[in-house]
Amino acid sequence: MMDELETRSAERRAADLARALPEQVARAQALDGNGALRGHSPRGVTDRAALAALPVLRKSDLVAAQTDAPPFGGYAGPLSGFSHVFQSPGPIYEPGRIDGDWFRLGRFLRACGIGAGDVVQNCFGYHLTPAGMMFESGARAVGATVLPAGTGQTELQARAAAQLGVTAYAGTPDYLKVILEKADELGLALGITRAAVSGGALFPSLRESYAERGIACLQCYATADLGNIAYESEAMEGLIVDEGVIVEIVTPGTGDPVPDGEVGEVIVTTLNPDYPLIRFATGDLSAVLPGPSPCGRTNMRIKGWMGRADQTAKIKGMFVRPEQVADLIARHADVQRARVTVTRDGDADAMSVALETDATDPHAYDASIRETLKLRGTVTLVAPGSLPRDGIVIEDKRDYEKG
């Protein structure tokens with residue numbers, strides 16, 4: 001089952017975004033934590049191109065802001081305005097609501113075929129972190145009954161699934177296998193036919209093993225801060241971006257969008273009026289898939305999780321971050337891209353820097369490399385377009401097992 005937003009034409013989606021995005025930017029500007037946004041007029045921010053001119057917000061910014069102004073660092077309203085508050089590693093505190101499908105997981109559960117009449121065994125955690133409540137609110141939105149199971153006590157989980165007639169599972173991809181195997185051991189027949197998973201890698205072999213048991217397993221990409229970002233449908237061709245967020249793929253360490261198909265960091269702007277995060281950096285890598293999903297949903301698709309964008313490496317005792325590589329590029333109009341590679345030379349670290357440029361003198365960049373990266377390195381000049389478009393700007397090739 002699809003809702004009308006999921007099948008909008010590109011023209012209608014763009015028109016709706018042109019109305020919603022300026023309002024969301026204005027909401028964010030009204031909050032104390034978003035001082036960096038105040039130099040931008042919300043009226044001009046009507047599409048992704050205009051959004052790309054705004055600053056990127058990182059988790060480290062939230063942690064610092066919440067330390068100075070708990071609980072939400074000025075990025076959300078008062079605690080009394082929410083039904084729940086959660087804590088994620090950092091620590092970062094996130095607001096939440098249980099009603100109204102606040103995290104937008106209902107759209108994913110509908111794509112899984114879960115709805116009224118289903119009993120969902122929710123094996124996401126309920127303690128401090130929000131995943132359990134996120135999926136519970138989604139299940140309530142589609143009319144399903146929830147068994148709030150959490151993790152652990154596997155025998156009790158298997159018996160409850162059998163005795164209550166559980167028809168659907170929500171949890172990490174691998175924990176369902178643990179429950180199924182325990183049920184087999186106990187001689188219990190389970191009626192689970194659908195699984196909605198997140199929070200870990202869904203390997204093809206695991207999905208296939210579930211399919212052999214008659215269980216259709218789909219995955220979504222969601223975070224505590226943003227709720228549902230993207231989700232699979234029955235087509236299982238990439239993840240469809242949720243209608244409540246705007247996704248950009250950018251060069252790691254910058255806010256600069258990459259061409260469709262190239263790997264980059266996932267940046268998300270949420271349209272949730274209660275928690276208006278603008279250009280929030282997830283730290284995850286992905287890439288845009290061309291065209292709409294065969295299932296009929298028309299929003300942008302991404303390939304799914306493709307690694308971490310935080311490629312910070314400690315070289316000769318100094319941390320080198322993607323933001324520093326971006327600063328190096330910004331200093332030279334002729335440089336299109338850069339890639340730092342770390343290796344070992346005997347017992348010492350060695351750093352090389354490849355620069356995409358038409359220039360011919362590598363020593364012309366020595367000073368700016370020392371100033372931005374705080375280290376000396378071997379410079380190699382390569383032709384524009386020759387570096388891999390894989391989202392990697394700092395490649396660590398050191399073999400830590402050999403020392």
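## Strands β8 and β9

In this predicted model, strand β9 (residues 239-241) runs antiparallel to β8, and 2 bridges join the two. Within this pairing, Y231 has I240 of β9 as its bridge partner.

Strand β8 covers residues 227-231, and it is joined to β7 by 4 bridges in the antiparallel sense. Residue A222 stands opposite N228 in β8. The two strands β7 and β8 form a hairpin, with 3 residues between them.

Strand β7 spans residues 216-223; 6 of its 8 residues are buried, so the strand is largely enclosed by the rest of the structure.

Besides its hairpin with β8, β7 pairs with strand β6 (residues 194-197) in the parallel sense, over 4 bridges. The chain goes from β6 to β7 by way of helix α8 (residues 204-212), and this β-α-β crossover is right-handed. One of the positions in this pairing is V197, whose bridge partner in β7 is Q219.

## The nine-stranded sheet

Strands β6, β7, β8 and β9 belong to an open sheet of 9 strands, whose order is β4-β3-β5-β6-β7-β8-β9-β14-β13 and whose pairing is mixed. Its edge strands are β4 and β13 (288-289), each of which pairs on one side only.

At the β4 end of the order, strand β3 (residues 119-122) and strand β4 (residues 145-148) run parallel and are joined by 4 bridges. In this pairing, V119 has T145 of β4 as its bridge partner. Together with α5, these two strands make a β-α-β unit, which is right-handed.

## The four-stranded sheet

A further open sheet has 4 strands in the order β19-β18-β17-β20, again with mixed pairing. The strands at its edges are β19 (378-382) and β20 (394-396), and each pairs on one side only. On average, neighbouring strands of this sheet are turned by 20° against each other, direction ignored.

Inside this order, strand β17 (residues 337-345) and strand β18 (residues 348-356) run antiparallel, with 9 bridges joining them. Residue D345 has A348 of β18 as its bridge partner.

Two helices lie across strands of this sheet. Helix α9 (residues 322-330) lies across β17, β18 and β20, and runs at about 125° to β17. Helix α10 (residues 366-373) lies across β17, β18 and β19, and runs at about 120° to β18.

## Aromatic pairs

What describes a pair of aromatic rings? The distance of the centres and the angle of the planes describe such a pair. In this model the count comes to 6 aromatic pairs. One of them is formed by F72 and F82, with 5.8 Å from centre to centre and 80° between the planes, an edge-to-face arrangement. Both residues are in the loop between α3 (59-68) and β1 (84-88), 10 residues apart. F72 and F82 are both buried.

## Contacts of D3

Residue D3 is found in the segment before α1 (10-29). Its side chain has a polar atom 3.0 Å from the backbone nitrogen of L5. The side chain of D3 also makes a polar contact with the side chain of R107, at 2.9 Å. Leaving aside residues up to four places away in sequence, D3 touches R107 and R110.

Note on methods:
Residues numbered from 1 in each chain as written. Predicted model: local features only at pLDDT ≥ 70, side-chain atom pairs only at ≥ 80, totals over all residues. Heavy atoms only, no water. Buried < 20%, exposed > 50% of the residue type's maximum accessible area, 1.4 Å probe, protein only. Pairing = 2+ DSSP bridges. Right-handed = clockwise from strand over helix to strand, strands pointing away. Axes fitted to C-alpha atoms, helices over the stretch in contact; angles between N-to-C directions. Contact = heavy atoms within 4.5 Å. Polar contact = N/O pair within 3.5 Å; in protein donor to acceptor, adjacent residues only side chain to side chain. Phe/Tyr/Trp six-rings, centres within 6.5 Å; stacked < 30°, edge-to-face > 60°.
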